[in-house]
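Please open the model in a viewer and keep the selection panel at hand. The stops below are meant to be followed in order.

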Amino acid sequence: MSALTSKAYLKMLITPDDPLVVQKVSQVVTNPLWPDVWELRDWVAGNMDYASDSELHGITDYWQFAREAMASGRGDCEDYSVLLVSLLRACGYGSDEVYVMTGYKETGGHAWVVVKAIGVWWTIEPQASTGEGILYSLVTGQLTEVSGYTAQYKFNDQAFYDLT
């Protein structure tokens, strides 16, 4: 694990106490008839454009903080995931209820979100189109494989778990 993806650094990326993150939650979560997890997920999917780290930062791997992703409106899968988990933690989801999940396959790495909402675990692809990318995972609990990516670790601001 490189310094960029060290356990301490990854946990530091999740920023539920950042005033900009807290403000964004209050702006987005407005419909009492719709689960806040879907409002936040749809906001992330609808307000971010996919861009590679090379395109955005001129390097092959750079993980943005939530405020950076919100400011640029661009990022890759881990940036979408870090942003969504930061928003969900700021919204009140516990540190045992929401994680960034990272996985790998032969072609490279990927990040997605797992969250316990409405009493069950859901696996979310935050960069998929609004209304898509939400997988119900009641039977298996937290999905540890998505689109052929096998999970390596999961984390948030309070916890880091090696799944290998």
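Helices (H or I, at least four residues) and strands (E, at least two) are DSSP runs, numbered from the N terminus. The model is predicted: local features need pLDDT of at least 70, side-chain atom pairs count only at pLDDT 80 or more, and totals for chains, interfaces and linings use all residues. Residues are numbered from 1 along each chain as its sequence is written, and side-chain values use heavy atoms, with hydrogens and water left out.

**Stop 1**

Select residues 149-155, which form strand β8. Five of the seven residues of β8 are buried, where buried means under 20% relative accessible area, exposed over 50%, and partly exposed in between (1.4 Å probe, protein chains only).

**Stop 1: glycine 148**

Move to glycine 148, in the loop between β7 (145-146) and β8. Leaving aside neighbours within four places in sequence, glycine 148 is in contact (heavy atoms within 4.5 Å) with Tyr104 and Lys105.

**Stop 2: helix α2**

Select residues 19-28, helix α2, and highlight its buried residues Val21, Lys24, Val25 and Val28. Viewed down the axis of α2, these residues fall within an arc of 105 degrees, so they line one face of the helix; the arc is that of the directions from the helix axis to the C-beta atoms. Turn to the face away from this buried side to find the exposed residues Pro19 and Ser26. At the start of α2, a side-chain oxygen of aspartate 18 comes within 2.8 Å of the backbone nitrogen of leucine 20. The cover over the buried residues of α2 includes α3, α5 (66-72) and α6 (77-91).

**Stop 3: helix α3**

Finally, select residues 36-47, helix α3. Its buried residues include Trp38, Leu40 and Trp43.

Technical notes:
Expected span 1.5 Å × (residues − 1). Polar contact = N/O pair within 3.5 Å; in protein donor to acceptor, adjacent residues only side chain to side chain.
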